[in-house]
Amino acid sequence: MNLSILLTFTLLYNVVLAKIHTFNWTTGWGNYDVDGTFERPVITCNGEFPWPDIRVAKGDRIEIYLTNGFTDANTTLHAHGLFMKGMNQMDGPPMVSQCPIAPGDTFLYNFTVDDNVGTYWYHSHTLGQYGDGFKGKLIIEDGENNENFPYEYDEEVSIELSEWYHKTSEELIPSFMSLFNPTGAEPIPQNLIINNTKNLTWDVKPNTTYLLRLLNTGGFVSQYFWIEDHNMTVVEVDGVYTEKNTTDMLYITVAQRYSVLITTKDDTSKNYAIMQKFDDTMLDKIPKELELNATSFMTYNSSAPKPEESYVDSLDDYLDDFYLIPYDKVEVYGEPDYTITLDLKMDNLISGVNYAFFNNITYTSPKIPTLMTVLSAGTDANNPYIYGTNTNTFVLNRNETIDLVLNNLDSGKHPFHLHGHVFQLVWRDRPYDSDLGEEPHAYNETESHTFPQYPMMRDTVYVNPQSNFVLRFKSDNPGVWYFHCHIEWHMVQGLTIVLVEDPYGIQSDPTQQINQNGLDICKSVGVMTSGNAAGNDDFFNLKGQNVQENFIPGGFTAKGIVALTFSCLAGILGLATLAFYGLMDIPDAVEKVADDLSIPLTDIVDTSTHFT
Amino acid sequence: MGNKVFNVAVFFVVFRECLEAVVILSVLLSFLKQSIGVKDKKLHKKLVIQVWTGAATGFIICLGIGGGFIGAYYKYQKDIFGSAEDLWEGVFCMIATIMISMMGIPMLRMNKMQEKWRVKIARSLVEVPKRKRDYFKLSFIAKRYSMFLLPFITVLREGLEAVVFVAGAGITTQGSQASAYPLPVFVGLIAGGLVGFLLYYGASRSSLQVFLVISTGILYLISAGLFSRGAWFFENYRFNKATGGDASESGDGNGSYNIRQAVYHINCCNPELDNGWDIFNALLGWQNTGYLASVLAYNLYWLCLIIVLGLMIFEEKRGHLPFCRELKMKHLNPGYWIKNKKAKELTEDQQMALLNKIDNLEFDENGEIINELNNAVTMPGSSGSDRDSKTDANKKDAEVKTHIFEE
């Protein structure tokens, strides 16, 4: 009795304390020199750059009135890592959970953060935009002033890592998705940045434990991160508290977050280098002028000299996140009810452009946002066919254990992000090096694999080159969720699948119905709000759906055979003519030579006349 | 693999040049046998030794020069061509095509080649310096060792020509290395020598002709392939320039070539990467991507060759090009007009006179030529009608042939 009263009181207390954070944001363009070397157009928020950080407490409500201030581009916003339970339409990916917001339109992202704590970020989910600066941190405190955080610390600091290009996505994407980029080489960034600048100075106090929230908000390269002579104790990854794990170096892929505890030294006489380093194995080529290391400064004493760049002997000793253990010690979920197996590869289609594929399908947006197809399909909603044959859509039943097996046939590392969930990373194979002649290695279910008892949980994880991983999660969040490579270039190439989770549960939930604002923005961009992927009301008629280009035919086509036949024929005819000429009798060789030779011999004959 | 140890183009160039040198030798040896062979065996032997020494010395010198030349080329090649490699490979392919095309057809006319050398050699043997003072310079040595100097200079000249050809043809083969030279050069020399041997010791003329037809056929297959490869390299260069990398070296698969220009493509058999296919590439110009340009180039090459051969056949049968009674093949060569060769051409009678002179060539006991004794030369115009001299010429020709092929 007492307990229940106490519980009620606590709940009430929370509700009373829950705040509403309202933001009015208008996108736009402005020129900023972010990395101190080049001024370029960046996406601004109300004319300012960088975008503001959001800091709320668990249970608070966030209301973002996002106005598209561009003149020629649509936009959307995604709060990365938030579960959005019952609020799928606030998740952000265009043509998945909502229509794109047309220029001049405003969409209200209105959601509470009930189930997430820790380090998150928000970014545009419209292709290329977050690389142009449309992104910011989203920190969710666990209780007021983060009082429920499980570990002690004195001060809190956050550091946002990224790479930076001197060209806009608008310039980079067309040359990336081009016949003349046949290997799909990702554009090479010009710099690594930190908190939207270079060579940051972090003033620290001695003998203080800092909670350092690290985010990689880049769109491409993973970064190694270390601080000279300081170790870091990982306590949170992607919003999941972990058991303490101390390391000298972190490896952070794009979209991953780490919270680490750093205790400063007693001695304030010296300053230390904060190092970022490209994972240069991800770069197609390394231009001479590219600085692979970026140095920032952990400053104990501003009058002491700035630290020199810090070197390490090896990059191999970074923390392998596979071995992290969640603070809550969630046991590995049981055997899966459903397994999705994805084979990742990159290939060129008939136009010569390089695309990314899951099971030979490169994600091609449907004509109707998938969530709206779910809501309008009635009982057909559990049939994946209606979501289109080119969208890689999988339908999941409610509250099942799902295994997602990913076989990477590509020789690159890829960081994968699942919307709306954290997953358990139950298996990750070692890299298989193509330079050593190793072949891609697919996950073999028939072999026995020992999964960790308490697998690491997070929302973004990388797969090794030519390797595989297995993610396990519960389908406990009805909605339409993207699972995609978080390298923005690979998103452009279509490295995405869609999970329709519990479609009937979505239909029956009143909060999941598209609100008026959501329907209005569709009207502006001319997208219908019901029908299958092709926009047809007959759900099993996909005529007119968006499809990928054709594959390149293997071997000889008709025109190749014609070309080779003609070439052979020409060769044979030529040789025959040659043989005919060669074997032809020459009746008067001397005369011919006399005719052909044109050396001035006349004088000889003239001379010889003397003797006759 | 093929490019590392055996460069096919090099083989054929060496073979061809060797053949030419061998013809010179055989012509010279025939001369000697004819003029003194029976009269003075000792002198004959001495002169034969001179001929061989001259040829050998010339050969060794140009082998040295060739080796140095090629070595130097490969030493500096990277620095010179580095980034524009495909463009240069294309240019070299085209140059090699032209060179091989030009030298291939004359090879088919072995007897014509022999005649050419007979006349050339005859000229050098009987030539009388115009200025008196020249006698006091090298004349003694020159005269005494003419049977050494003549083969020495001709072999050296042919050899240097071969060096230039070899360098030109060799570097056009993808990934060719200096190590790809010795073997084809060696084999080319042996093959050329063998033909010379057969030539001198009387293989039947028709079987020799068949042999020449086959080897010339292969030479033109290579040449057509080179032409096609030249076009391919230009296309590849264009694509690589646009992509900023060398796509074709990254593999066989999609993206390794410009699909919009491709007529066919197969994901294997890349001559740059797969063993075995590079030989196919060197011989026939095979590429696992057929670009429109390279396929067209291949077909057009053969078309042009067929047309040229057709014109030559016509000319040999009728004495002029079709539709133009006065026009001959050589008149189409701009050099013919520039050098004003027409004025210096030998008339048939002069030709006859020269050959007669040669047949009556005599040597003194030192091996010196006594050309003053020549009294058989008939003045042009003084030997009756054209018709007679032509008959004589044919008769003479038949005799010469007999000498060369049957002795």
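This is a predicted model: local features need pLDDT of at least 70, side-chain atom pairs count only at pLDDT 80 or more; totals for chains, interfaces and linings use all residues.
Residues are numbered from 1 along each chain as its sequence is written, chains are lettered from A and ligands numbered from 1 in the order in which they are written, and side-chain values use heavy atoms, with hydrogens and water left out.

**Domains of chain A**

- Chain A is split into domain 1 (18–150), domain 2 (152–326), domain 3 (338–525) and domain 4 (558–603), with bounds that come from an automatic or database domain assignment.
- Between the C-alpha centres of domain 1 of chain A and domain 3 of chain A the distance is 23 Å.

**Where domain 1 meets domain 3**

- In domain 1 of chain A, 35 residues are in contact with 39 residues of domain 3 of chain A (contact means heavy atoms within 4.5 Å).
- The two domains bury about 2,800 Å² between them, with 57% of it on carbon and sulfur atoms; buried area is the accessible area (1.4 Å probe) that two parts lose on being put together, summed over both.
- A:Q89, A:M95 and A:V96 supply 23% of the area that domain 1 of chain A buries against domain 3 of chain A, more than any other three residues.
- Between domain 1 of chain A and domain 3 of chain A, 23 residue pairs are in polar contact, both residues at pLDDT 80 or more.
- A polar contact is a pair of N or O atoms within 3.5 Å; within protein, one must be able to donate a hydrogen and the other to accept it, and residues adjacent in sequence count only if both atoms are side-chain atoms.
- On the side of domain 1 of chain A that touches domain 3 of chain A, β5 (78–80), β6 (106–112) and β7 (118–123) of chain A each supply at least two residues.
- β6(A) gives the most to that side, with three residues.
- Strands (E, at least two residues) and helices (H or I, at least four) are DSSP runs, numbered from the N terminus.

**Spans listed by UniProt**

- An unreviewed UniProt entry lists "domain: Plastocyanin-like" for residues 28–143, 155–302 and 363–503 of chain A; such annotations may be inferred rather than shown by experiment.
- Residues 155–302 of chain A are 5% helix and 47% strand, and their end C-alpha atoms lie 19 Å apart.
- Residues 363–503 of chain A are 9% helix and 35% strand, with end C-alpha atoms 20 Å apart.
- The "transmembrane region" annotation (unreviewed entry) in UniProt covers residues 561–583 of chain A, a span that is 100% helix, with end C-alpha atoms 33 Å apart.
- For chain B, the UniProt record (unreviewed entry) lists "transmembrane region" spans including 87–108 and 291–314.
- Residues 87–108 of chain B are 100% helix, while residues 291–314 of chain B are 96% helix and 4% strand.

**Local features**

- The count over all chains is 24 salt bridges.
- One salt bridge pairs the side chains of A:D459 and A:R257 (2.8 Å, N to O).
- A:D459 lies in the loop between β26 (457–458) and β27 (460–463) of chain A, and A:R257 lies in strand β17 (residues 257–263) of chain A, 202 residues apart.
- A:F49 and A:P50 are joined by a cis peptide bond, with omega about -5 degrees.
- A:P50 is in the loop between β2 (39–45) and β3 (54–57) of chain A.
- A:N195 is not a glycine but has a positive phi of about 50 degrees.

Technical notes:
A salt bridge is a side-chain nitrogen of Lys or Arg within 4 Å of a carboxyl oxygen of Asp or Glu.
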